[in-house]
Amino acid sequence: MSRQMGDSHRRFLQTLMLSGIVDEPGAKSLYQRCCETHNTQYAPDKLDEFIDTINSKLQPMFMQIRKGMSEDNGQQYYALVNLAETDVTRMSTDYADNELELFTKTMDLIVGSENGKASSTDILNSADSLTTKKLKKSETEHLLNRLVHDKWLSEKQGEYTLSTRCIIEMEPYIRTMYQDQVQVCHICHNIAFQCQICENPVCGIKIHNPCVARYFKVRKSDPRCPACEDFWPHEIPELSRPRSQRR
């Protein structure tokens, strides 16, 4: 496939710029639609090559389309990443200083927790210790809703986690700022927050829940840690089917 950037590539990029992130079935559908709209060659198995062509043109602008996995369901996602800004300053055009400070405190809570989550109560309490302009409770709640809407955080039953977009875009920052707290998944080697942990204190490896489901799919009768071979005592989750396979 040609490395020349065409109208189909530009349309794909423009659409991704608007959404910030898209799941793999959505990316494949968008790829097909862009090719058909501009009468260019469409090959179903060439999405990554198509994106590589876009990335070759984005490189001088310190931008890149990156692929990452959702810790929630194991689905692959594509996100547009600004390589020039590796920390929360990338959000400064959309959020005020005190809002960014609260987001940073929320990241501290999530990364420092055992389960990769922070409760709304803990986040609201952390708002009291802002060194910039204080936020009222209603303002903090509104900010959390915005962060979820903008796909920086995910929320379920009053608990917040780092979204797939956040992990993909901020991975270098997270690895640098929290290097003593962050572990990677033993299976996929990406940062692990939503995960299961080996209970052997000498081992203690982490495995993403979706990676647990895949790894132990054929080992359910006698699940053992892939590192130390101790018995794996946790419940083995079911594999989530990709959206494109659901009726």
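Among contacts in the chain between residues at least 6 apart in sequence, what share joins residues at least 24 apart? The share is 53%, where contact means heavy atoms within 4.5 Å.

A word on the ground rules: this is a predicted model, in which local features need pLDDT of at least 70 and side-chain atom pairs count only at pLDDT 80 or more, while totals for chains, interfaces and linings use all residues. Residues are numbered from 1 along each chain as its sequence is written, and side-chain values use heavy atoms, with hydrogens and water left out.

**The chain as a whole**

The chain holds 8 helices and 8 strands; these are DSSP runs numbered from the N terminus, helices being H or I with at least four residues and strands E with at least two. Its radius of gyration, 20 Å, is close to the 18 Å that the globule rule gives for 247 residues, so the chain is as compact as a globular protein of that length. That radius is taken over C-alpha atoms, and the rule is 2.2 Å times the number of residues to the power 0.38. Along the principal axes, the C-alpha atoms fill a box of roughly 55 × 55 × 35 Å. Of the 247 residues, 42% count as buried (buried is under 20% relative accessible area, exposed over 50%, partly exposed in between, with a 1.4 Å probe and protein chains only).

**Two nonpolar cores**

A nonpolar core is a set of buried Ala, Val, Leu, Ile, Met, Phe, Trp, Tyr and Cys residues joined through side-chain atoms within 4.5 Å. The largest has 30 residues, and Phe103, Leu162, Met170 and Ile174 touch the most other members. Helix 4 (97–112), helix 6 (137–149), strand 6 (159–162) and helix 7 (164–177) each give two or more residues to this core, with the largest share, 6 residues, coming from helix 4. Leaving aside neighbours within four places in sequence, Met170 is in contact with Asp87, Val88, Arg90, Met91, Phe103 and Trp152. A second, separate core of 19 residues includes Met5, Cys35, Phe50 and Ile54.

Most residues other than glycine have a negative phi.

| Residue | Phi | Relative accessible area |
|---|---|---|
| Asparagine 39 | about 50° | 72% |
| Histidine 189 | near 70° | 52% |

Asparagine 39 lies in the loop between helix 2 (24–37) and helix 3 (47–58), and is exposed. Histidine 189 sits in the loop between helix 7 and strand 7 (195–197), and also counts as exposed.
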